[in-house]
Amino acid sequence: MTWEILNIIGTMAFAISGVIVALEEKYDLFGVYLLGFTTAFGGGIIRNVLLGLPVSDVWNQNMLFTVAFLTMTLMFFIPFHWVLSWKRWGVFFDAIGLASFAIQGALFAAAAGYPLSAIIIAGVLTGTGGGIIRDILAGRKPLVLHQEIYAVWAVLGALTIGIGIAGETWQHLLLVVVIVLLRMLSVTRHWKLPGRVDWFILLRKVKN
Amino acid sequence: MTWEILNIIGTMAFAISGVIVALEEKYDLFGVYLLGFTTAFGGGIIRNVLLGLPVSDVWNQNMLFTVAFLTMTLMFFIPFHWVLSWKRWGVFFDAIGLASFAIQGALFAAAAGYPLSAIIIAGVLTGTGGGIIRDILAGRKPLVLHQEIYAVWAVLGALTIGIGIAGETWQHLLLVVVIVLLRMLSVTRHWKLPGRVDWFILLRKVKN
Amino acid sequence: MTWEILNIIGTMAFAISGVIVALEEKYDLFGVYLLGFTTAFGGGIIRNVLLGLPVSDVWNQNMLFTVAFLTMTLMFFIPFHWVLSWKRWGVFFDAIGLASFAIQGALFAAAAGYPLSAIIIAGVLTGTGGGIIRDILAGRKPLVLHQEIYAVWAVLGALTIGIGIAGETWQHLLLVVVIVLLRMLSVTRHWKLPGRVDWFILLRKVKN
């Protein structure tokens with residue numbers, strides 16, 4: 001039940017982020033739906049393809065499909081300044097999507113008996129794969145590869161599942177809360193992963 | 001038999017569109033073949049992956065492979081003004097490819113017992129998926145997301161199959177003709193799907 | 001044993017090429033790992049998806065995963081002029097990766113009983129698929145479609161396997177050596193596949 005609510009929030013947030021990118025690229029109505037759907041369901045599809053799990057499972061999420069479809073249709077018609085104000089709130093709901101999709105993706109792989117490496121990749125891709133396809137379809141460099149820390153929190157969640165220290169449902173949900181918090185802190189504090197440049201600056205500081 | 005002829009026309013048209021994009025991007029002979037093949041067969045591959053159907057089926061289309069290969073080789077060597085004049089005729093043959101691939105993709109999913117949502121996505125992706133990969137491999141924004149109405153006719157065809165009002169072969173072929181007509185009308189009349197901007201212009205008109 | 005050494009060299013070279021592209025695009029640490037992993041393992045994954053072979057096999061290459069991970073971590077921290085000097089050596093190691101991955105990909109498809117067309121595509125994609133995904137994730141046009149001859153040597157190797165004139169291990173390894181040589185010659189002599197323009201220049205020369 002809790003997972004269902006989290007999934008609905010995550011699906012809506014991901015679909016909306018797809019819609020916003022499509023509108024920014026001046027894509028038409030079809031582009032809006034395509035980017036919305038791929039952002040919302042692309043992560044799960046990539047995960048199932050990579051883990052060799054039946055992709056057809058995706059087609060049994062009728063409720064989530066309907067939620068995504070209605071959300072996108074709504075987004076296409078509401079006044080534009082609502083869309084803008086969404087962009088602030090959106091980060092929060094998107095964080096919920098990231099966290100709950102990543103944890104469930106990791107649990108999915110763990111339940112199928114995969115090794116730790118596959119569990120981590122399943123968590124990361126379920127959480128971020130949709131956004132990566134969205135950006136590629138929009139002709140952009142994937143945001144997740146160069147914005148504030150995003151994917152690493154999915155790695156962290158999946159790692160926690162993978163090493164088996166969080167086995168019960170309340171622990172999984174706690175993990176979701178922690179990831180949402182860390183993601184929100186990354187945005188508000190502008191935490192970024194180090195790139196090469198930062199590394200060299202650090203090195204020089206240590207030397208002096 | 002009729003399907004076979006339609007498939008040959010569609011495969012040739014899609015392969016040629018891949019060749020033209022590769023030539024425009026100044027890709028070499030390998031790029032020409034890669035873009036041609038992915039445009040012609042990419043849609044069917046994506047569909048099979050997404051529906052969990054055996055992708056290896058694709059490798060049994062020996063005749064279509066040969067057709068695509070010969071077409072591309074020819075395109076690489078014919079005088080350039082023939083290629084240009086193709087661009088006009090190309091839209092027509094491409095429409096035949098779109099229509100016949102979409103209808104067969106939808107029939108494929110329907111025969112495998114999938115729900116309506118999957119049938120529509122199967123139809124759309126079989127018809128447009130190859131072109132989307134072609135554009136991504138060429139570093140372009142997928143044409144189908146912002147040009148004259150294209151994918152929607154595939155949606156329409158798949159929907160007609162999905163709700164079960166066209167069950168016999170002559171009806172399927174009629175549907176192909178209708179989709180080709182609608183696609184050609186979209187091009188000659190510059191029909192476009194509404195984007196956000198159009199929507200607001202319409203809204204203002206209604207208000208006044 | 002020999003394959004294992006070749007695979008380690010190839011995996012390292014491909015992972016490093018992913019790291020370099022990610023650094024050039026100013027991607028962060030996550031981007032570095034993602035591009036490194038997709039370059040090293042993406043080709044094998046695409047091949048398995050396209051041939052309908054279990055993708056989960058990829059997850060049993062624990063040793064290669066570890067090698068790739070350590071290589072990438074090292075690359076992120078070593079002085080930059082070492083990275084630059086790598087770019088020269090890199091072409092050589094990359095050629096080893098191309099050759100050994102392509103031959104093994106073709107052998108894989110041949111052992112699974114696929115027809116010649118599928119064997120060639122398996123060879124090409126195992127050798128070049130990772131680099132194609134790397135470039136798309138970096139928002140670039142795939143290098144393999146327009147640089148010095150690269151993919152064609154993979155085609156050649158796969159063709160040799162496919163028509164069955166190289167059946168024993170020493171012949172496969174000889175084939176690897178031949179492909180590495182041809183690739184290195186392509187780079188040092190700037191061999192390129194003909195594009196349309198070259199074709200017309202050639203045509204004019206023949207006429208005069």
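Predicted model: local features only at pLDDT ≥ 70, side-chain atom pairs only at ≥ 80, totals over all residues.
The arrangement of the chains is considered first. Chain A can be superposed on chain B with an RMSD of 0.0 Å by a turn of 120° and a shift of 0.0 Å along the axis. This is the relation of a three-fold axis. For chain A and chain C, the superposition likewise gives an RMSD of 0.0 Å, with a turn of 120° and a shift of 0.0 Å along the axis. Of the contact residues of chain A, 8% recur in chain C, and the copies use different surfaces. In the case of chain A and chain B, only 7% of the interface residues of chain A are also interface residues in chain B, so these copies meet through different surfaces.

The interface of chain A and chain B involves 28 residues of chain A, in contact with 24 residues of chain B. The area buried between the two chains is about 2200 Å², and carbon and sulfur atoms give 73% of this area. On the side of chain A, the residues that lose the most area to chain B are Asp28(A), Phe30(A) and Trp59(A), which together account for 33% of what that side buries.

Between chain A and chain B the count is 1 salt bridge. In this salt bridge the side chain of Glu25(A) meets that of Lys141(B), at 2.4 Å from N to O. Polar contact across the interface of chain A and chain B is found for 2 residue pairs, with both residues at pLDDT 80 or more. Four elements of chain A, namely α2 (29–51), α3 (62–77), α4 (80–111) and α5 (116–137), each give two or more residues to the side that touches chain B. The largest share of that side, 7 residues, comes from α2(A). By residue class, the side of chain A that touches chain B consists of 21 nonpolar, 4 polar and 3 charged residues.

In chain C, the position of Asn7(C) was examined. Asn7(C) belongs to helix α1 of chain C, which covers residues 2–24. The relative accessible area of Asn7(C) is 14%. Because buried means under 20% relative accessible area, Asn7(C) is classed as buried. Apart from neighbours within four places in sequence, Asn7(C) is in contact with Leu64(C), Ser100(C), Phe101(C) and Gln104(C).

Notes
Residues numbered from 1 in each chain as written. Chains lettered and ligands numbered in written order. Heavy atoms only, no water. Least-squares fit on C-alpha atoms with pLDDT ≥ 70 in both. Contact = heavy atoms within 4.5 Å. Buried area = accessible area lost by both parts, 1.4 Å probe. Salt bridge = Lys/Arg side-chain N within 4 Å of Asp/Glu carboxyl O. Polar contact = N/O pair within 3.5 Å; in protein donor to acceptor, adjacent residues only side chain to side chain. Nonpolar A, V, L, I, M, F, W, Y, C, P; charged D, E, K, R; others polar. Buried < 20%, exposed > 50% of the residue type's maximum accessible area, 1.4 Å probe, protein only.
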